[in-house]
Amino acid sequence: MSTSTTEVLVGGAVLAAAIAFGTYAVTSTGFSLGEDGYPLTASFRSLEGVTVGSDVRLAGVRVGTVTGIVLNPDTYRADMAINMDDTIQVPDDSAIVVSSEGLLGGNYVEISPGGSMFYLEAGDEIVDTQGSVSLLSLLLKYVGGGDN
């Protein structure tokens, strides 16, 4: 079996393109092998549209990632775990809100910082939460003209 130089060059180019694509996919999704940052938790009435891997933003800048979502069987609320960037300190009176990127965009988690001089530490819970608002239910209320 003989191999030509062209086949080897094309094979190398395909391999380089696959490695470049894989590197781009890993860096654009924010995937990391190490656990940099510190964990925080929050409990929501509704986390509709938020999934593991969703962004956590502060002033529109990504400062963390949603690392876990579970249903609390005692309170029937969605408990969320997030991993915050080590360089960001969040005041302990901050609020956390599920926001939407637009009518057709996805949901993300927004932190509204408070004015406290004390900061949340690893494992703390953000108490002031606001869940997602269903656009379908708002539209039905508007079309129906009801006050409920």
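This is a predicted model: local features need pLDDT of at least 70, side-chain atom pairs count only at pLDDT 80 or more; totals for chains, interfaces and linings use all residues.
**Ground rules.** I number residues from 1 along each chain as its sequence is written, and my side-chain values use heavy atoms, with hydrogens and water left out. Local features need pLDDT of at least 70 and side-chain atom pairs count only at pLDDT 80 or more, while totals for chains, interfaces and linings use all residues.

**Sheet.** I took strands as DSSP runs of E with at least two residues, numbered from the N terminus. I count two strands as paired if DSSP finds at least two bridges between them. I found an open sheet of eight strands in the order S7-S1-S4-S3-S2-S6-S5-S8, with mixed pairing. Its edge strands are S7 (125-126) and S8 (128-130), each pairing on one side only. I then looked at S5 and S6, which pair in the antiparallel sense over six bridges. Ile 96 has Ile 111 in S6 as its bridge partner.

**Core.** A nonpolar core is a set of buried Ala, Val, Leu, Ile, Met, Phe, Trp, Tyr and Cys residues joined through side-chain atoms within 4.5 Å; buried means under 20% relative accessible area, exposed over 50% and partly exposed in between (1.4 Å probe, protein chains only). The largest such core has 20 residues, and Val 56, Met 80, Ile 82, Met 84 and Ile 96 touch the most other members. I noted the elements that give two or more residues to this core: S1 (38-44), S3, S4, S5 (95-100) and S6 (107-112). For Met 80 I listed contacts (heavy atoms within 4.5 Å). Leaving out residues up to four places away in sequence, Met 80 touches, among others, Leu 40, Phe 44, Val 66, Ile 96 and Val 109.

**Asn 83.** I placed Asn 83 in strand S4. Asn 83 is buried at a relative accessible area of 15%. Its side chain reaches the backbone nitrogen of Tyr 38 at 3.3 Å.

Most residues other than glycine have a negative phi. Ala 59 is in the loop between S2 (55-58) and S3 (61-72), and is exposed with a relative accessible area of 68%. Tyr 76 is in the loop between S3 and S4 (77-84), and is exposed with a relative accessible area of 64%.

**Charge over a ring.** Arg 57 lies over the face of Tyr 108, at 4.1 Å from the ring centre.

Note on methods. Helices (H or I, at least four residues) and strands (E, at least two) are DSSP runs, numbered from the N terminus. A charge sits over a ring if NZ of Lys or CZ of Arg is within 6 Å of the ring centre and within 35 degrees of the ring normal. A polar contact is a pair of N or O atoms within 3.5 Å; within protein, one must be able to donate a hydrogen and the other to accept it, and residues adjacent in sequence count only if both atoms are side-chain atoms.
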